[in-house]
Structure formats: structure tokens, C-alpha cells
Amino acid sequence: MTSFWPGTARKALAITAFCLAASHHPLPAQSLTTGGLTATVLDERGMPLPGVSATLEKGSTAFLVQSTDSRGVVVFSVVPPGRYSLLTEQLGYRPLRTTGLVIAGGGMAALSVRLVRGAPGNTVDERSASLFQARSGVDRVVIGSELNTLDRRRDLTDVSRGFPEVDAPRDGRNGFAASANGRPGSESHLVIDGMDELLFRHPGIRTEPASAPLFARDAFDQVSLIGFGRDVEWPGATGAILTGSTRPGTGAASVLPWFAYSSAKLGGRKADNPADSTASSFEGGLRASGSIKGDTGSWSLRAEYRQLAEPSANPFEVAVGGSDPSVAIRSAVQTLGHGDVASWLAPTVRTWKGGNALGRFDWRFGRSTSLAVRAGMASWSENNPLVGNELSNGAGGRLEANDLSLAAAVTTSGDDWISETRLGVRSSHRDWTGSAVPYTGLVGDGLAIGGSATVPGLFKDTQLQLTEAATFTLGAHLVKGVVDISRRSVTNDWLPYGVARFEFGDVASFAAGRGAFVQSTRTGTAPSVAVSYPSFALQDSWQATPRLQLIGGVRLDAQKFPKALITPDVTWAAAAGLNNTLQPVGSGRLGPRGGMVWTADAAGTTVLRIDAGLVPVPLDLSALTEAIQNAGGVTVQRATGTLTWPSTTAAATPVVRPTLTFFNQGVKSPRAFKGDASLTHRLGQDVTLSLHAAYDHTDYLLRRADLNLIQTPVSTGSDFRPIYGTLEQYNALLTPAVGSNRRFRNVDMAYLLSSTGFADYTEVGAALERRMARGLTMNVSYTWSRTKDNLPGQLSNDVADQLSPFPTSTGLSSWDEGRSDFDVPSRFSGMMEYAAGAISLSGRYRYRSGLPFTPGFARGVDANGDGAVGNDPAPLLASITGMSGLVAQHSCLTAPASFFAVRNSCRDPAVQSLDLHLGVKLPIGGSHPVSLLVDAFNVVSTDVGLFDHAAVLVDAAGSLTYNSAGQLVLPLVANDNFGKLLSRRGEPRAIRIGFRMEN
């Protein structure tokens with residue numbers, strides 16, 4: 001049995017629990033589910049005021065009462081999330097009530113209060129709050145209008161549109177992040193009420209952005225983006241963590257409905273909606289809340305229904321002066337004796353239909369114990385959804401999905417301790433269905449028809465989580481211990497090419513039925529795996545001086561896998577003599593963390609924070625389920641030449657072989673070293689300037705190699721490219737003859753997963769914020785970053801594209817290492833709002849650098865014959881017709897002495913957009929006024945979609961030849977369309993009109 005407490009862990013915990021000091025200072029509780037408030041009370045000269053009575057009020061009830069210390073500071077360390085007021089009173093000064101304090105779980109809000117001399121009188125002065133929270137690294141707090149305005153999607157995950165710290169989806173797909181911290185969106189986390197929730201859409205595609213419709217924006221007062229979970233209670237993540245606490249009910253019972261309508265004909269562009277579809281969308285719902293027995297208990301409920309429709313552009317762009325290939329494709333389909341394929345040759349409408357409900361109940365037992373219970377569910381369907389970045393427009397596909405989440409927390413506290421017990425249950429289901437027509441690529445024309453090659457798929461994911469976190473104040477130390485145990489069960493029922501994938505050189509070869517075909521078939525049941533995640537943590541926060549806090553802690557994480565998950569593959573063992581049953585051990589991994597917070601003055605005007613730590617990261621379960629199902633349970637059919645499209649038999653004599661995936665000896669779970677620093681300075685009462693820098697290094701990432709690729713290339717290209725199969729040409733298509741690139745002819749691909757991958761991410765940024773209840777509010781931030789790794793093909797839907805194009809060439813072995821597929825250096829977001837009286841106006845502008853790409857061949861061409869159709873860099877030789885002119889036009893087309901394009905040396909165009917909002921409170925509704933809301937999205941925007949990354953094309957009129965040196969000469973020509981738009985994707989310009997009853 002594996003021990004969770006190795007010697008190194010015991011030593012680290014002993015160091016962390018060092019001698020405790022005797023002095024006593026109030027310290028924040030640092031809880032994920034409760035929040036806190038630190039208030040500094042000053043006089044008119046800015047000097048601290050001791051002995052001031054501070055009353056934290058919830059509604060009309062005094063919730064907590066304390067007095068300021070000698071520094072004028074009062075700390076409320078255990079406060080349930082919600083909206084509060086703070087009443088400050090001192091003899092000789094006017095009493096002041098600061099309203100609109102929003103306290104959320106997982107953080108400490110900071111407030112500065114200035115009292116004015118004067119007789120108390122019979123009235124209390126009031127002012128709106130200006131909360132100040134120090135940023136650290138890429139941490140971002142979203143509150144107020146920034147959270148609830150310009151919500152193109154109501155999902156909480158949609159707030160990433162305003163985050164320059166992450167790269168939000170840019171091609172029309174919805175979800176939290178395409179990438180964050182230089183890692184794919186699947187490596188980011190969603191934490192709600194202290195419990196892990198799923199970001200879950202298509203686990204087979206790790207770059208597929210995911211949303212969480214269950215959690216809508218209006219269920220929260222505040223959310224945070226966390227780049228580095230410096231507190232040991234946060235889960236390990238190489239990406240980012242989006243976290244929030246659901247809003248409890250308050251006050252008298254109320255029911256607040258809302259409704260919104262939009263149409264593609266309201267302000268839409270012809271390019272986004274060439275079919276002139278109405279694409280009308282309707283959304284509506286309500287929020288209800290109230291209190292029970294005064295403020296002892298509360299309840300809240302929200303529910304909504306959405307029926308959304310979004311038009312799409314033409315499935316492929318037609319070059320100026322070019323001819324539309326639709327007529328020729330229809331003719332070819334008729335020649336092949338198949339029905340209509342019009343849905344893939346014309347614009348389609350993508351729809352989203354479903355609803356969700358979320359309820360919360362809170363009860364407080366005395367002053368020290370509280371109970372919070374939250375439950376919710378969401379169910380929806382999508383028609384014609386995009387999945388991944390394939391050329392096909394997604395027509396004919398469908399997604400049926402549902403989520404269920406339950407959470408309960410019991411919080412008990414004393415004068416110097418707090419204990420939280422949390423229990424969470426979540427379950428998610430995704431059922432993808434595809435088109436009857438398989439994915440069919442027309443390589444030379446840069447387009448595709450038919451369904452996605454990544455569906456159908458059925459995915460189920462459930463998790464039970466139990467957490468106990470106890471925090472004790474011991475003198476100047478705040479010591480926290482955490483025990484977290486979860487059990488996760490995953491079923492991934494899908495296969496790449498489960499329907500089939502056809503590739504043809506162009507329309508002419510399609511009509512002739514000559515090209516390449518691949519399809520996977522599984523025997524037996526879909527792989528399911530249940531994994532346990534025990535973790536233990538200890539942390540000490542030491543208030544070394546009134547202005548310096550030191551934090552140190554350690555977290556021990558483990559994954560406990562069932563044994564013998566992977567069955568032996570007899571065929572592979574007999575052929576290669578290698579064991580395919582190795583699997584990750586799942587032993588404990590240690591993660592020490594530490595940091596400091598230095599406050600320059602008593603008012604907290606300037607704050608410096610530095611944090612660093614080693615973060616253990618769980619192994620991706622999709623890799624494990626792939627290995628389980630590929631252990632003799634999956635066969636692959638391949639055929640080239642004359643095909644019987646679209647029949648899945650493909651040809652009279654397809655070659656059928658098993659494929660497998662297995663782990664290398666000593667595979668480890670990833671780990672990330674994270675460090676960040678921030679300097680935050682308050683300029684006056686309402687403006688904050690933040691500067692930050694961060695560095696992440698993640699290693700032990702899985703890299704993919706094909707052990708069944710022949711070890712010696714069968715030929716060498718005239719560009720000195722190693723070629724591993726006997727290439728066949730079908731007009732503009734190059735593909736290896738079936739089996740010619742296989743080391744053992746009775747096995748297809750044999751993927752080896754090794755822990756040799758890494759990713760380096762560096763970031764610097766600045767933010768200027770001004771938050772006001774009335775007047776001008778702004779949030780302007782810029783982030784510059786650089787990401788480097790050795791993991792090509794991460795943006796591809798096809799795992800084969802993760803293979804190195806030069807696996808056995810020592811002179812090119814370092815080609816993989818370079819600019820990451822997720823390198824987006826410049827990201828800017830600016831939001832401004834002006835509120836005066838009944839009218840509010842706001843706007844948001846966003847800018848992001850284009851995604852990097854490697855100049856290569858047209859999608860579907862396998863120039864090195866290794867079985868991957870999207871991993872070959874282009875040769876940049878002057879001998880290629882038109883190459884000299886192309887290089888002159890594009891400065892990114894540079895090649896070292898090896899002649900091949902540098903990995904990710906080029907970029908797609910940058911992306912920018914402008915959104916506008918108008919809100920008008922109407923003179924109806926009484927205490928709950930009705931507001932008219934008008935939103936205009938993408939008023940100004942750039943073209944977004946799939947661009948032509950092929951620097952060279954296979955000349956359909958040419959043929960394969962050999963030169964005098966015995967090298968294979970590919971018939972190549974430079975691509976005049978290089979860098980231009982192939983398929984327009986993205987969210988169209990839209991105007992939405994709605995009504996909402998306000999609190």
C-alpha cells in the first residue's frame with residue numbers, strides 16, 4: 001500500500017509548523033466559502049482612529065460589532081458571502097454608514113473609511129463603498145456592472161470575454177478559455193462555493209472550450225480569476241481557476257423577472273448572415289429570494305429558459321475572381337450516387353435550447369454556526385454545433401447535455417478558530433451525435449463537407465467530494481489544516497474517426513472516388529474508470545509585523561487508480577516484445593508553497609505581494625481511457641485508391657489492424673512551478689493601479705510518439721525530409737500506401753505516452769481600475785506573455801498531429817521545441833461605464849494577438865508519410881515555383897539551414913471587438929424598478945475563422961519523381977492564398993433588447 005506521508009512530507013510539515021509567537025493580531029480566515037472584511041478608519045488628516053465602534057450590518061440587523069485597534073484597523077474574518085453595510089461611530093465624529101459592501105467567499109475585501117469631526121446629531125451620513133482588493137499575479141476580481149453588463153452569454157464562464165489574462169474562444173464556440181497560462185482550457189478549473197465543478201464539453205478534444213450553463217452570472221455578486229492558487233486549499237491547475245460563491249437570499253421576499261430578445265436582422269452584417277436568416281433568440285427567467293425568521297435564514301432561487309439561434313457565414317470563402325466549387329461538388333455527389341449535401345455547402349443556423357435552475361438555502365445557528373445548501377441542474381441541446389477546428393461547418397451534428405450539482409457546507413467558528421465541512425456531488429452528461437455523411441476533405445480546395453470526425457461520442461463524469469478545513473489563530477499565526485477526499489468516475493465512449501474520414505485531392509478526384517479513407521471500430525464496452533483523489537494540506541500565515549505577512553504551506557496530492565486497468569495486447573507483445581499494460585502509479589506528490597504580503601502604510605494604499613510554489617497536477621483521465629480502450633479493443637480500417645464514398649466499407653479490400661496507446665515506464669503526473677509578484681497602489685479613494693509579473697514552468701506533460709513507425713525512412717525528400725512511407729498522389733493529395741510506414745504490418749498506430757513534455761509561460765501586465773456606484777467606472781488592463789513548449793499539434797482534433805514530423809532525424813530533433821500553439825503575446829481589455837440618474841452607458845473593447853501557426857501543407861497532405869495529416873512543416877526552397885515571391889510578401893516565412901519552416905513562426909490576424917450597452921430605469925416597478933437594456937455586440941470586429949496555413953500546395957498536374965541524388969521530389973507550388981481566410985467563424989454582430997426588474 002502506498003503511503004501518503006513520505007519522509008519528505010513529514011519534514012516539510014514540521015518546517016511549516018514552526019514555533020508560534022505569543023502576540024495576538026486579528027487575521028483573515030482565508031476560507032474558500034466564507035469571506036472577510038478589513039476596514040481602516042482614519043480621521044480627516046489621514047491618521048488612524050483607534051477605538052472606533054464598527055458594526056457590520058446585514059439588511060437592518062447588526063451582524064457583527066468590533067472596535068478598531070491602535071492602527072485604526074478592524075477585521076471581520078468570518079463573514080458569509082453577501083451584501084453588507086458598515087456603520088462606524090466615534091465620539092466627536094459624524095457617524096458614517098458605508099453601503100454596498102459585497103463580500104464573497106475565498107478572499108478579504110479591504111475598505112478605507114474617513115470620519116469627519118462634528119456632533120453626531122440624529123442622522124447618519126451614508127456613502128457607497130469603494131472596495132479595494134490587492135491583485136496578485138493574474139488574479140482578477142469581477143464585481144458589479146463588470147459582472148452583469150455586456151453578457152453575450154449568461155453563463156458565469158462568459159466573464160472571460162473581459163479578461164486579458166486568458167484567451168477566450170474566438171471562433172464562435174462558447175466557454176471559459178481556449179487557453180490560460182499557456183495551457184489548454186481543459187486544464188483550467190471552476191470552483192463554486194469551495195467545490196470543484198466541471199468545465200466539460202468534449203473530453204476527447206482537450207482544447208475544446210467548455211461552459212457551465214448551470215451557473216449564471218446573476219447568481220453571484222463577485223467572481224475571481226486566479227492564476228496561482230497560492231492558498232493550499234486551492235486545487236492544482238496548470239491553467240487558471242475561475243471561482244465564485246453563489247449569492248444567498250436577503251430581505252423581504254421578492255420575485256424579479258427578466259426577458260431578452262435578439263434577431264440576426266437587428267444590426268447584423270451580410271458576411272455573417274448571407275442566408276438572411278432571422279435567427280431569433282429568446283431568453284427569460286426570474287430571480288427570487290427572501291429571509292426566514294429575520295436574518296436567521298434565507299433562501300434564493302433562480303431559473304431561466306433560453307432558445308438561442310445564431311446564423312453562420314458561408315462554410316467556405318470564395319477568393320475574389322475565383323469560382324464557387326459548390327456546383328462541381330453537387331455534380332460529383334450525384335456522380336457517386338449519393339443524396340444532397342446542401343447543408344454543408346450553404347450557411348447553417350446554430351441553435352441552443354434549454355434551461356437551468358439553481359437554489360440556495362442558508363441558516364444560521366446562533367452566532368457561531370451556519371449551514372448553506374445549494375442545488376441546481378441544467379439541461380440543453382445544441383444543433384449544428386462547432387466542435388474543434390475542423391473545416392466542416394458542423395451541420396447535421398447535435399449535442400444533448402445535462403449537469404447536476406449539489407453542495408452543502410457547515411461552518412462553525414470560535415474566537416480564534418473556524419471549521420468548515422463541505423460536501424459536493426456533481427454529475428455531467430454529454431451525448432454527441434453526428435451526420436450520416438462522414439467527414440470529407442477536399443484538400444486542394446481547402447474545404448470539407450460532412451460531419452465531424454470527432455463525433456459521435458458519449459461522455460459521463462460524476463464526482464463526490466468531501467472537504468474539512470480548519471483554521472486556528474495562534475498568536476500571530478494563522479494555521480490551517482485541510483483534508484480533501486474525492487472520488488471521480490469517468491466514461492468516455494468515443495473514437496477518433498468513429499464515423500469515418502475521407503480525404504480527396506480536389507473536386508475532380510472526389511468525383512472519381514480516388515483518395516484516402518480511415519475509420520475506427522471498437523469491440524466491447526466503452527472504457528470507464530473510477531479514481532480517488534486524497535489530499536492533505538497544512539499552511540501557516542504569520543503576521544510578522546503589522547505590515548508584513550509571511551505565508552508558508554505544503555499540500556500532498558495523490559491519484560489512486562484501480563489496478564490492471566489495461567489488458568495485455570497479445571499481438572503487440574508478440575510483434576514488439578513490449579508491455580502495453582504499464583499505467584501511472586498515482587503515488588503522493590508534494591507541493592510546497594510560500595509567499596509574503598507587505599503593506600506600505602496603515603491605510604493599505606500600497607501592497608506588494610510575492611508568491612511561489614510547486615503545484616501537483618492530476619493526470620488527464622482522457623489519456624488513461626484512451627489507453628484502456630486501445631488495448632486490443634480498437635481496430636482501424638485504412639484504404640487508398642478507388643473508394644466507395646460515402647460507404648463505410650470504403651473499398652473492396654480495406655486493411656484492418658488494431659491500434660493501441662500505452663504509457664512509458666515511469667510516467668508521472670504533471671507538476672507546475674508557479675511564481676508571481678504584484679504591486680498595487682491606490683490613487684486616491686477610487687482608483688487602483690496594479691502591476692504584475694508571473695512565471696509558470698510545467699513539466700512531466702505527456703508527449704506522443706508512434707513506436708510502430710518504421711525506424712528507417714524509406715526515402716528522403718529533395719528538401720532532406722525523412723519520408724516514412726511509400727507516398728501515393730491523388731491530384732493535390734499525398735498519402736502513404738497502407739502499411740508501407742508500419743514497423744509491424746499487423747498493427748496500426750502504437751502510441752507511446754511519455755512524461756517528457758514541458759511548457760514555459762512568462763507574463764507581465766498592468767491594470768487601472770476605478771469603481772463607482774455613480775459616475776465613471778473603468779477597468780483597463782493589458783497583459784503581455786510568452787509561451788514556449790515542445791508539444792506540437794495541440795490545436796488539432798487529430799491526436800496523430802501531436803507526433804513529431806522528425807522523430808528519427810537527429811539534426812532536426814529540436815524542431816518541436818519552440819513557440820507554443822497557445823502563445824498569444826498581447827491581450828488588452830478596456831471597459832468603461834458612466835451612470836447618472838436613470839441612465840447608464842458602457843462599452844468594452846478587446847484586442848488579442850492572432851494564434852501562431854506553422855507554415856505547412858494543405859490539411860490532409862501527409863508529406864512525410866508518418867500517418868499524420870497535419871504535422872508537416874513546409875519546405876521554403878527557392879526552387880519551388882512562386883516561393884521567392886511568397887517569402888517576400890510574408891516576413892514570417894523564414895527557414896534555418898534545414899530549409900523547413902520554423903515551428904509557429906507565423907500568426908493569424910489579430911482579433912478585436914467593441915461591445916456597447918445602454919440601460920434605462922423606467923418609472924415603473926416601485927421599489928423594484930424595471931430597466932430597459934439594449935446591448936450591441938461586435939459593433940466593430942475583425943474577421944475571425946480558419947485561415948489558410950499552407951505555404952505550399954501539391955501540384956495536381958505534377959507527379960512524384962526522383963532526382964539524380966535518389967531523393968524524392970514532391971510536385972510543389974507556392975500557395976497564393978497563404979494566410980487568407982478559408983472559413984469565416986465567429987460571433988456575428990447582434991443587437992439584443994431586454995427588460996429586467998432590479999433589486
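The model is predicted: local features need pLDDT of at least 70, side-chain atom pairs count only at pLDDT 80 or more, and totals for chains, interfaces and linings use all residues. Residues are numbered from 1 along each chain as its sequence is written, and side-chain values use heavy atoms, with hydrogens and water left out.

Reader: Which cysteines form the disulfide, and what is its handedness?
Author: A disulfide is a pair of cysteine sulfur atoms within 2.5 Å. Cys892 and Cys906 form one, with sulfur atoms 1.9 Å apart. Both Cys892 and Cys906 are buried. The torsion about the S-S bond of Cys892 and Cys906 is about 85 degrees, so the disulfide is right-handed.

Reader: How many residues apart in sequence are the parts that Cys892 and Cys906 tie together?
Author: Helices (H or I, at least four residues) and strands (E, at least two) are DSSP runs, numbered from the N terminus. Cys892 sits in the loop between helix 7 (883-889) and strand 49 (906-907), and Cys906 sits in strand 49. The parts tied together are therefore 14 residues apart in sequence.

Reader: Where do the buried residues of helix 3 fall, seen down its axis?
Author: Helix 3 (residues 326-335) buries Ser326, Ile329, Ala332 and Val333. The face turned away from that buried side carries exposed Val327, Gln334 and Thr335. The arc is that of the directions from the helix axis to the C-beta atoms. Seen down the axis of helix 3, its buried residues fall within an arc of 125 degrees, so they line one face of the helix.

Reader: Which backbone oxygen does the side chain of Ser298 reach?
Author: Ser298 is in strand 19 (residues 297-311). Ser298 counts as buried, at 6% relative accessibility. At 3.0 Å, its side chain reaches the backbone oxygen of Gly249.

Reader: How far apart in space are Leu266 and Arg989?
Author: Leu266 lies in the loop between strand 17 (254-263) and strand 18 (281-292). Leu266 is partly exposed, with a relative accessible area of 30%. In sequence, Leu266 and Arg989 are 723 residues apart; in space, C-alpha to C-alpha, they are 8.6 Å apart.

Reader: How many residues apart in sequence are the parts that Arg638 and Asp748 tie together?
Author: A salt bridge is a side-chain nitrogen of Lys or Arg within 4 Å of a carboxyl oxygen of Asp or Glu. Arg638 forms one with Asp748, the closest N and O atoms being 2.8 Å apart. Arg638 lies in strand 34 (residues 634-642) and Asp748 in the loop between strand 42 (733-736) and strand 43 (750-770), so the parts they tie together are apart in sequence by 110 residues.

Reader: Is Glu187 buried or exposed?
Author: The side chains of Glu187 and Arg206 meet in a salt bridge at 2.6 Å, N to O. Arg206 is partly exposed, with a relative accessible area of 30%. At a relative accessible area of 11%, Glu187 is buried.

Key:
Buried means under 20% relative accessible area, exposed over 50%, partly exposed in between (1.4 Å probe, protein chains only). A polar contact is a pair of N or O atoms within 3.5 Å; within protein, one must be able to donate a hydrogen and the other to accept it, and residues adjacent in sequence count only if both atoms are side-chain atoms.
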